[in-house]
Amino acid sequence: MTLAVDVIAQDTVVRMRDGVGLATDVVVADDGQPKPALLMRGPYSRAMTRQGSDAVNLARDGWAVVIQDSRGRFDSGGRFDPFRNEGRDGADTVTWVAAQPWCDGRVIGYGGSYLGFASWLTAREQPPALEAICPVSAGGGVHRSMMYEGDAFQLGLVSSWALALLMTDLGAPAERRERAVELGLDRERFFRTRLAGHPLRELFPAFDRWLDRDNDTYWSATDVMNSLHLLDIPVFQVAGWYDVFCEDALALHTGMRARAASDHARRNQRLVVGPWTHTTMLLPITPEFDFGPAASGAAQGLPQAMLDWLRKVLDGAPAKDGLTIFVMGSGRWRDLQSWPPPTTATRLYLSSQRGANGLAGDGRLVRAPTDGSDRFRYNPDEPVPTRGGRLHWPLRPMAGPVDQRPVEERQDVLVYTSDRLTRDLTVVGAVTAEVAFATEGRSADVTVKLVDVWPDGRAYNVLDSVQRTAFIPQEARSVEIALGSTAMCFRAGHRIRVEVSSSNFPRFDRNPSTGCDPRDATELEPAWQTVHHAESRITLPVDDGSLP
Amino acid sequence: MTQVRASDVRVQMHDGVRLATDVVTADGSTPRPAMVIRGPHSRAAARMETDIVGLVRRGWAVVVQDVRGRYDSEGEFDPFHQERHDGADTIAWIAGQPWCDGRVASMGSSYLGLAQWAAAAAQPPALRAIASLVSGGEVRDTWVYEGGALQLGFVVPWAINMAATAPAAPPEDQQRAADLAADWHGTFRTPVARQPLRALFPPFERWLDREDDAYWQPLDLGGRRDRLDVPALHVTGWYDIFCEGTIDRYVRMRAEASSEYARDSQRLIVGPWAHTGVFASGTAGFDFGEMASATVHRFADQTLDWLAEAVDGKPVDDAISIFVMGSGKWRDHTSWPPTARPIRLYLSSQIGANSVHGDGVLLTTPTEATSTEGFRYDPDDPVPSRGGRSLGPFHPLAGPVDQRPVEERDDVLVYTTPPLPVPVTVIGKVTAHIVFATEGHSADVTVKLVDVWADGRAYNVVDSVRRAGFTPGLPQAVEVAVGSTAMCFRAGHRIRVEISSSNFPRLDRNPSTGTSIRDAQVLKPAWQTVYHGGRAASYITLPVVEG
């Protein structure tokens with residue numbers, strides 16, 4: 001029996017370059033040996049991070065653990081401006097950590113979600129002591145991965161996150177917090193509140209800035225993507241197919257593989273993607289779906305595998321690189337050298353005779369284009385409700401696969417279903433759709449959802465997204481929708497389904513149809529929308545047997 | 001601020017077995033009160049449930065321990081039984097350490113709560129207060145059984161988890177446990193008589209004998225005056241599998257704890273939570289709004305403040321705080337259950353109450369004539385569990401879930417009121433009196449209370465079972481303790497009651513033959529009869545409060 005070494009936890013204040021002091025915990029073994037440090041910085045309180053990461057155990061394992069409240073949050077000084085201070089404050093903290101007697105000069109950015117964003121933004125500042133980062137369910141570009149998707153605003157995610165931050169803003173006057181609680185009492189009403197005059201714009205000033213989609217100077221400060229060629233660090237990421245930040249994790253991985261500053265950094269890039277949502281990372285089940293025991297992160301040795309990998313990378317030993325992904329439907333894990341793997345593009349065209357409106361319609365997915373069109377009425381007062389997918393907010397159903405039949409009953413949802421598959425069909429990679437679309441309005445959202453239909457009729461969403469597009473009224477144009485990436489085996493006997501509509505609410509804000517900026521739109525107008533079949537299709541990257 | 005130090009030590013029990021223990025306290029501190037957290041899920045799991053560094057900064061010394069036979073502790077795991085002595089030994093050891101001022105409190109949820117009650121029953125003099133979350137009843141009838149039926153969907157996965165992570169188990173046994181976990185539905189469907197888990201995890205075998213007094217009697221705390229004398233904070237959720245146990249324990253402590261101080265120092269918090277989401281704003285499938293959540297009420301901080309006051313021997317908050325579902329509001333009570341008017345709703349139908357397509361209604365007065373209603377219980381096709389007080393790895397997860405899919409079944413009798421003209425608020429324990437007959441020698445009477453929304457959605461409020469022995473064909477009245485709740489049925493909603501004979505896999509299936517589940521190789525179907533009206537009227541009783 002060996003007893004673990006004593007661990008000590010200190011509470012200290014670290015000064016940033018502008019003199020603001022940030023509240024910081026140092027948790028480290030009391031053995032006098034300098035150690036590599038895991039740095040976790042975020043807005044959710046040190047208590048939550050200490051607990052969630054089991055800092056004592058990390059320290060017993062030989063890491064120095066540094067946990068810091070972001071500027072303006074909990075016990076730290078200064079004013080909180082989400083994401084915007086994390087690069088500089090992170091770099092200042094890395095420099096401080098590296099100089100401490102308990103640190104051997106090597107610092108690793110660690111932690112999930114916002115803490116993972118903070119790691120990427122710190123890396124962007126290139127503090128020399130930063131040796132690696134391990135972001136879990138995080139992205140590296142705030143605009144791209146959190147605020148907007150297909151040019152539509154991620155209303156549900158962003159507004160409920162801002163509300164949660166407000167409720168826990170201990171520095172704010174009590175009436176602000178009370179107002180936030182009040183807004184949270186009726187979430188349906190909260191989400192339905194028009195962006196023009198939205199109470200969060202005044203209560204939480206950053207929210208007002210976030211509504212300015214095209215302010216590039218604002219957004220470029222919180223994006224690491226254009227700096228990847230400067231980064232000289234190994235990265236271990238963990239992502240989930242149903243996590244809101246999945247696409248960015250894949251893009252950052254491939255970007256670092258191709259462009260990072262050194263051979264060492266390009267080689268040591270690792271990404272594990274499971275069938276997980278933002279709040280069920282590493283768990284084999286979501287609130288509505290069971291992926292089976294193999295889907296557990298423990299099946300991949302996580303999270304310990306991440307720390308073992310870090311050790312190897314820090315020691316200069318060869319470490320596993322590339323991706324490990326979970327293929328949903330087959331329940332198997334696959335190792336890949338690069339993303340996406342080689343596949344064959346399979347195109348399925350939208351088609352109908354009488355009309356594809358709802359499940360009662362006769363919409364089909366077919367191999368060759370047909371003539372014809374479908375029409376539906378987009379009504380912003382009665383938008384298509386979000387059911388699962390890549391979400392993170394308190395409304396139910398929660399993120400992940402959810403039976404879509406209730407929305408497929410709607411007349412404003414075009415439903416196209418393939419014949420039963422005679423053999424398994426595995427889709428691995430980025431799914432795209434082209435839809436020839438026309439509207440009465442000047443702007444429309446084209447929402448596309450890929451669905452796995454079981455033999456008993458259950459219909460589980462695989463991927464979905466949106467493209468907000470400007471139109472000349474009644475003039476058709478081709479709209480390209482990037483649905484996102486997945487690894488999904490559609491089983492023999494199942495059918496593939498595509499839903500097309502113009503809303504997915506409250507995941508995305510509602511299009512006013514008028515061309516007016518949603519920030520200023522006091523009226524949201526309904527519109528008749530048309531989908532022309534001949535040039536409308538979904539493209540699936542299908543494994544042709546070359547997948548390892 | 002003071003430096004916190006976490007040390008890994010071994011604490012020796014009365015029989016020499018050493019338990020792996022973290023001691024976390026402040027360097028150079030004067031002796032302090034200690035908080036002890038003991039459990040079977042690893043010290044790491046306990047540290048990830050409680051911010052131990054934060055506790056030390058609040059003035060506590062913290063002790064986290066693996067219970068006997070689990071993770072880094074020696075000995076053999078004998079769930080519940082071992083916690084009385086080991087808990088008391090550990091508390092005595094803590095009180096004698098130089099970093100402790102002789103006063104000890106404890107906290108923890110689920111098994112960690114039961115371990116606290118077991119230790120408290122040994123009356124260790126140093127124990128001043130406990131906080132028991134989503135835990136708390138008698139082991140036999142709140143952990144293993146409910147209404148006489150085995151809580152299959154909870155105890156089987158729990159036991160498998162224990163077997164799969166047993167430190168001393170041979171790898172092949174761990175693998176067999178993992179294989180059982182890989183196919184939950186197959187494992188649940190295996191009749192208990194052929195359940196491989198019986199050999200893998202010996203305590204499970206003992207649990208199958210509900211009449212084995214030698215096993216159960218030592219675990220029966222009973223809230224007796226001579227056994228429990230400790231201030232306690234009780235927390236549960238209306239959809240927690242241990243809701244009834246927690247509330248019963250609270251009621252008994254309030255009435256029967258051995259000292260007046262202890263009787264006056266009991267606090268109860270019940271939110272709209274499931275076992276795994278205490279202090280959240282809802283359950284996996286249902287959002288109760290921001291008022292339900294700990295973010296607003298800071299319940300976690302409140303718990304620690306309460307324990308600190310109790311350890312100081314100060315008068316503590318003794319309120320009962322409950323969340324009234326449907327109203328979205330909390331209300332405080334001084335006694336449980338609150339004063340309520342019992343309203344009986346009588347089951348009735350003309351053509352038949354089978355499924356939501358039948359004509360079953362709930363009436364405020366019984367019909368004069370007696371009539372009957374039948375359905376076929378088929379153990380090969382039992383009524384599937386949908387939410388409620390479950391804690392299994394099966395979907396849908398615990399909490400309110402739309403019941404319409406099971407209400408389509410002909411083996412579910414469905415009785416519904418007209419839309420309510422005014423809101424009806426039910427607070428307290430719901431019971432049902434069902435006059436029932438079966439072809440078999442034993443049957444389960446399952447009763448579910450449901451809130452039907454104006455758009456047809458039907459959310460379960462509370463449900464339970466009574467397993468009863470019968471003379472074939474002879475009707476008898478079965479009293480079903482449906483369970484406690486606080487629920488405002490809104491105007492325009494309807495109240496619904498479902499009656500059937502299964503709720504699987506939450507509860508094991510009745511073999512119908514009267515044979516013990518340990519021995520029943522065959523589970524038999526049976527035709528069941530429910531009586532309406534006259535002298536054989538069946539009804540549900542709702543405790544209705546004003547406002």
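Predicted model: local features only at pLDDT ≥ 70, side-chain atom pairs only at ≥ 80, totals over all residues.
**View 1. Crossing of helices H3 and H4 in chain A.** Helix H3 of chain A covers residues 86-98, and helix H4 of chain A covers residues 114-124. Their axes come within 8 Å and cross at roughly 75 degrees. Angles of 65 to 115 degrees count as roughly perpendicular, so H3(A) is roughly perpendicular to H4(A). On the H3(A) side, the contact is made by Glu86(A), Gly87(A), Gly90(A), Ala91(A) and Val94(A). H4(A) contributes Tyr114(A), Ala118(A), Leu121(A) and Thr122(A). Sorted by class, the contact of H3(A) with H4(A) has five nonpolar, three polar and one charged residues.

**View 2. Crossing of helices H3 and H4 in chain B.** In chain B, helix H3 spans residues 81-95 and helix H4 spans residues 111-121. The two axes come within 7 Å, with a crossing angle of roughly 75 degrees. H3(B) and H4(B) are therefore roughly perpendicular to each other. The residues of H3(B) that make the contact are Gln82(B), Glu83(B), Arg84(B), Gly87(B), Ala88(B) and Ile91(B). Those of H4(B) are Tyr111(B), Ala115(B), Ala118(B), Ala119(B) and Ala121(B). Seven nonpolar, two polar and two charged residues make up the contact of H3(B) with H4(B).

**View 3. Helix H14 of chain A and its buried face.** H14(A) runs over residues 304-315. At 1.5 Å a residue, its twelve residues should span 16 Å, and the end C-alpha atoms are 17 Å apart, which agrees. Met306(A), Leu307(A), Trp309(A), Leu310(A), Val313(A) and Leu314(A) are the buried residues of H14(A). Seen down the axis of H14(A), these buried residues fall within an arc of 160 degrees, so they line one face of the helix. An α-helix has 3.6 residues a turn, so residues three or four places apart point the same way. Just after H14(A), Gly316(A) takes a positive phi of about 75 degrees.

**View 4. Helix H7 of chain B and its surroundings.** H7(B), residues 171-182, has twelve residues. From its first C-alpha to its last, H7(B) reaches 16 Å, close to the 16 Å expected at 1.5 Å a residue. Its buried residues are Ala177(B), Leu180(B) and Ala181(B). They cover an arc of only 100 degrees around the axis, which puts them on the same side of H7(B). The exposed residues Pro171(B) and Glu172(B) are carried on the face of H7(B) turned away from its buried side. The cover over the buried residues of H7(B) includes helix H6 (152-164), helix H8 (184-189) and helix H9 (197-200) of chain B.

Notes. Residues numbered from 1 in each chain as written. Chains lettered and ligands numbered in written order. Heavy atoms only, no water. Axes fitted to C-alpha atoms, helices over the stretch in contact; angles between N-to-C directions. Helix = DSSP H or I, 4+ residues; strand = E, 2+ residues; numbered from the N terminus. Parallel < 35°, antiparallel > 145°, perpendicular 65-115°, else oblique. Contact = heavy atoms within 4.5 Å. Nonpolar A, V, L, I, M, F, W, Y, C, P; charged D, E, K, R; others polar. Expected span 1.5 Å × (residues − 1). Buried < 20%, exposed > 50% of the residue type's maximum accessible area, 1.4 Å probe, protein only. Arc of directions from axis to C-beta.
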